[in-house]
Amino acid sequence: MSSASAPVPSGSPTAAQNSSLRLARGVTATWFYTVAALLLFELGIALATTLVVWGSVALPPVAAITVAFGGLAWVGSTVALMIDYRHRTDAAPLVLWRRQLLPLLITLAYAVTAGMVSGLWIVGVLPLLQSLMLLNWQSGVRLRVVLAATVVLIGLAVIDIRMSDVGVATSFGPLISFSLILPAMTVTSLWWWDVLVRLDRARASESRLAATQERLRVATDVHDLQGHHLQVIALQLELAERLMTKDPDAALEQLRAARGSVAEAQQGTRDLAMRFRSVPLSDEIANAVDLLRAAGTSAEATVDAGADSAPASVLGPVIRETTTNVLRHGGGKWAHLSLKREEDSWRYEIVNDASGDSAASVDGSGLDGVGRRAAEAGGTLEVQRGKQEFAVVVAVPASAAGEEAR
């Protein structure tokens, strides 16, 4: 008897949905990393600009303070542009004037103010170029824009160095370095974000396609099953009609056969519905672990290799109900699920860290329903409440799986 983390078969609709969920979380995290990197770089440039102005003997301290607050306003305005870029579509216009006009005006005001105060061309142009690159350019156009922006910034840096004295020129070396790197870094980050968005959309399409294929398979099976039985029933009734006047006994036999075919069709339909309704218990536990992890709980599972032969109609709802119980009443830090074969029974256990309202969960209607399901299958429910943890244990006879199959 081996233990392993609950697997999800690759290629199944459940696996596609779980993969989509994990990818969606990864895409959101990547978005925050992308924004954080760009904002840190912009803050570095705003700080370098402020230090250049502060180090100038000809300028009063209020000039540096003005540039510093203006830099913060510029960085804040680019956040609005980044948010719009996250939800962009290829069909959207280059500029959403109602939403982006104010950020662009803030950028323009900061660029003009910082450029005039510092006397540096690169300081007056870089904020504008950065905000422009965050607009909804097409991929090919954006590449040409960043190349042109880099060339312009290099030219302005050369002009500023030649026009400034040696002391000032050496003081804004970091500013020039950051300024020349920022366009390429911005476009590279946005390109990577676009790639992840396309991958996320492709994964969502794969999940929808898997669900559609499953529906088509169900429809095909229902059509084949019902079509076969209906055709047999129609032939039997037609034969009974022909024999009714010639051989009543034979006609009656055909009517009985038709009634038997109806019963077979009903049973076949029930079996088909049960086959598609019941989910393997390994998938149920894997889904429960994913759900708990999505809620921020550190969840793990131990499942016997033959767990899919356990009574899914009994333990499937139990797994779902106890997982919901943990989400509602658990401490939210950790949880462990296990499904093991013990002699003539299957033992399911879910343990989690206790919280202040665990007492409410003990008498909840959810666990009452779990107890009723276990009792109907000849099993037992045990609730274990400690100071640090809360456990629910359900034991179901292995023979319930055989009754379920019949």
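Visitor: How many aromatic pairs does the structure hold?

Guide: The structure holds three aromatic pairs. Rings of Phe, Tyr and Trp (its six-membered ring) pair if their centres lie within 6.5 Å. This is a predicted model, where local features need pLDDT of at least 70, side-chain atom pairs count only at pLDDT 80 or more, and totals for chains, interfaces and linings use all residues. Residues are numbered from 1 along each chain as its sequence is written, and side-chain values use heavy atoms, with hydrogens and water left out.

Visitor: Why is the pair of Trp 74 and Tyr 110 called stacked?

Guide: Look at the planes. They stand at 10 degrees, and the ring centres are 5.7 Å apart. Planes under 30 degrees apart count as stacked, over 60 as edge-to-face and the rest as tilted. So this pair is stacked. Trp 74 lies in helix 2 and Tyr 110 in helix 3, 36 residues apart. Helices here are DSSP runs (H or I, at least four residues), numbered from the N terminus.

Visitor: What makes the pair of Trp 191 and Trp 192 tilted?

Guide: Their planes are at 40 degrees, so the pair is tilted. The ring centres lie 6.3 Å apart.

Visitor: How do you know whether Trp 74 is buried or exposed?

Guide: Check its relative accessibility, which is 1%. Buried means under 20% relative accessible area, exposed over 50%, partly exposed in between (1.4 Å probe, protein chains only). Trp 74 therefore counts as buried. Tyr 110, at 6%, is buried too. Trp 191 reaches 52% and counts as exposed. Trp 192, at 43%, is partly exposed.

Visitor: Why is helix 4 called roughly antiparallel to helix 5?

Guide: The axes of helix 4 (residues 121–133) and helix 5 (residues 139–163) cross at roughly 170 degrees and come within 9 Å. Axes are lines fitted to C-alpha atoms, for helices over the stretch in contact, with angles from 0 to 180 degrees between N-to-C directions. Under 35 degrees counts as roughly parallel, over 145 as roughly antiparallel, 65 to 115 as roughly perpendicular and the rest as oblique. So helix 4 is roughly antiparallel to helix 5.

Visitor: What makes a set of residues a nonpolar core?

Guide: The set holds buried Ala, Val, Leu, Ile, Met, Phe, Trp, Tyr and Cys residues, joined through side-chain atoms within 4.5 Å. The largest such core has 40 residues. Tyr 110 and Ile 122 are among those with the most contacts inside it. Helix 1 gives the largest share of this core, 10 residues. A second, separate core of 30 residues includes Trp 346.

Definitions and conventions. Helix = DSSP H or I, 4+ residues; strand = E, 2+ residues; numbered from the N terminus.
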